[in-house]
Amino acid sequence: MKMRKARTRALAHPLLRPSSLRVWAIAALFLGLTTSGCNLTNSNSDSSSAADAPEVVATSTILADLTEQIGESEIQLTSILEPGADPHVYEPVPADTVALERADLILYNGYNLEPGLIRLTNSAGVEAKKVAVGEVAPSLEVEGQSTPDPHVWGDVQNVILMVNAIRDALIEVSESDRPTFEQNAADLVAELERLDTWIAEQIATIPPDNRRLVTTHDAFQYYARAYSLNVIGTLIGISTEEQPSAQTVQRLVESVRETGVPTIFAETTINPALIQTVAEEAEVDLSPQQLYSDSIGAPGGDGDSYVKMMVSNTRAIVEALGGTYTPFE
């Protein structure tokens, strides 16, 4: 049986270009111009044998990627979000309700990463087994935030825990496929162990005074803590629903100037206009390579899987901050 892939339906959102607008004016526009999510659903019109496979729904592209590698053709997988979509602000559409109500298993990140989808998942009509995969990892409590930091995948050791949780959940809904799930999960864990070691080795090549990270939103605390970086500031907190004030922007500009960080970073799921303004005001570089924060990249790109997005992020950080990059094997 061959797994039926999700069909994508993309929405067009033009990006702002950096300009000479005053910081307060750009900040006022920032929230409304972030990149929105889109809906993906799978087709159920082909092979009749597909009815024997459990229907699994993943709410994020990262979870969908991990689940596809573990489940392969033994499951029918639907990924709600498309690559590049922002789970923080995604608003469910009717097709999402249909997918969730048909599911045997729903895998979601938890820690309020995808609030709209979590509310829908917990609604009365959804009876599938539900697993908050990200919540198997130890959380970071963020001062001033009502929920823990949901960006647990920044630490590869956390993703190993997530892979094991996905494996166990798949076994529960399809015990006959246990050998496949266990072998695939073991292979993936072995690759993740190599990735974890490789990232630490790459970051260690950055001069100590440059091991400082500035990004658009606070999505890299797990990564920074796991691999010995210091997040010195972000425009917004852990949710992209927030809107930065002019004062926040100015404080970040001053922090960048004071610490002497050579390069700051935009993210693929958030409009880069405001972080570009911070770079210009602080007179530092903005990395040409955006970081993958809440989503993997488009198919065929350099970040179209969890492993590849972490490799891409690490390369961008190492090269921008003065380290020496060695390709991941």
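Helices H2, H5, H7 and H10 are among the elements that cover the buried residues of H6. Helices (H or I, at least four residues) and strands (E, at least two) are DSSP runs, numbered from the N terminus. Buried means under 20% relative accessible area, exposed over 50%, and partly exposed in between (1.4 Å probe, protein chains only). This is a predicted model, in which local features need pLDDT of at least 70, side-chain atom pairs count only at pLDDT 80 or more, and totals for chains, interfaces and linings use all residues. Residues are numbered from 1 along each chain as its sequence is written, and side-chain values use heavy atoms, with hydrogens and water left out.

**Overall**
- The protein has 10 helices and 10 strands.
- Of its 329 residues, 55% count as buried.
- Contact means heavy atoms within 4.5 Å. Among contacts with a separation of 6 or more, 70% come from residues 24 or more positions apart.

**Helix H6**
- H6 has 26 residues and reaches 37 Å from its first C-alpha to its last, close to the 38 Å expected at 1.5 Å a residue. The expected span is 1.5 Å times one less than the number of residues.
- Its buried residues include Phe181, Leu188, Leu192, Trp198 and Ile203.

**Helix H10**
- H10 (residues 306-320) has 15 residues and reaches 21 Å from its first C-alpha to its last, close to the 21 Å expected.
- Of the 15 residues of H10, 12 are buried, so the helix is largely enclosed by the rest of the structure.
- Tyr306, Met310, Asn313 and Ala320 are among the buried ones.
- Their cover includes helix H5 (156-173), helix H6 (178-203) and strand S7 (212-217).
- Just after H10, glycine 322 takes a positive phi of about 95°.

**How the helices pack**
- H6 and H10 pack at an angle of about 5°, with their axes 10 Å apart. Axes are lines fitted to C-alpha atoms, for helices over the stretch in contact, and angles run from 0 to 180 degrees between N-to-C directions.
- H6 and H10 are therefore roughly parallel. Angles under 35 degrees count as roughly parallel, over 145 as roughly antiparallel, 65 to 115 as roughly perpendicular and the rest as oblique.
- The residues of the contact of H6 with H10 divide into 11 nonpolar, two polar and one charged. Ala, Val, Leu, Ile, Met, Phe, Trp, Tyr, Cys and Pro count as nonpolar, Asp, Glu, Lys and Arg as charged, and the others, Gly among them, as polar.
- The axes of H5 and H6 come within 9 Å and cross at roughly 175°. That makes H5 roughly antiparallel to H6.
- The contact of H5 with H6 has 13 nonpolar, two polar and five charged residues.

**Aromatic residues**
- Rings of Phe, Tyr and Trp (its six-membered ring) pair if their centres lie within 6.5 Å; planes under 30 degrees apart count as stacked, over 60 as edge-to-face and the rest as tilted. By this rule there are four aromatic pairs.
- The rings of phenylalanine 220 and tyrosine 223 have centres 6.4 Å apart and planes at 85°, so the pair is edge-to-face. Both residues are buried.
- Trp198, Tyr325 and Phe328 form one aromatic cluster.

**Tryptophan 153**
- Tryptophan 153 sits in the loop between strand S6 (129-132) and H5.
- At 4% relative accessibility, tryptophan 153 counts as buried.
- Leaving out residues up to four places away in sequence, tryptophan 153 touches residues including Ile62, Val159, Tyr306 and Met310.
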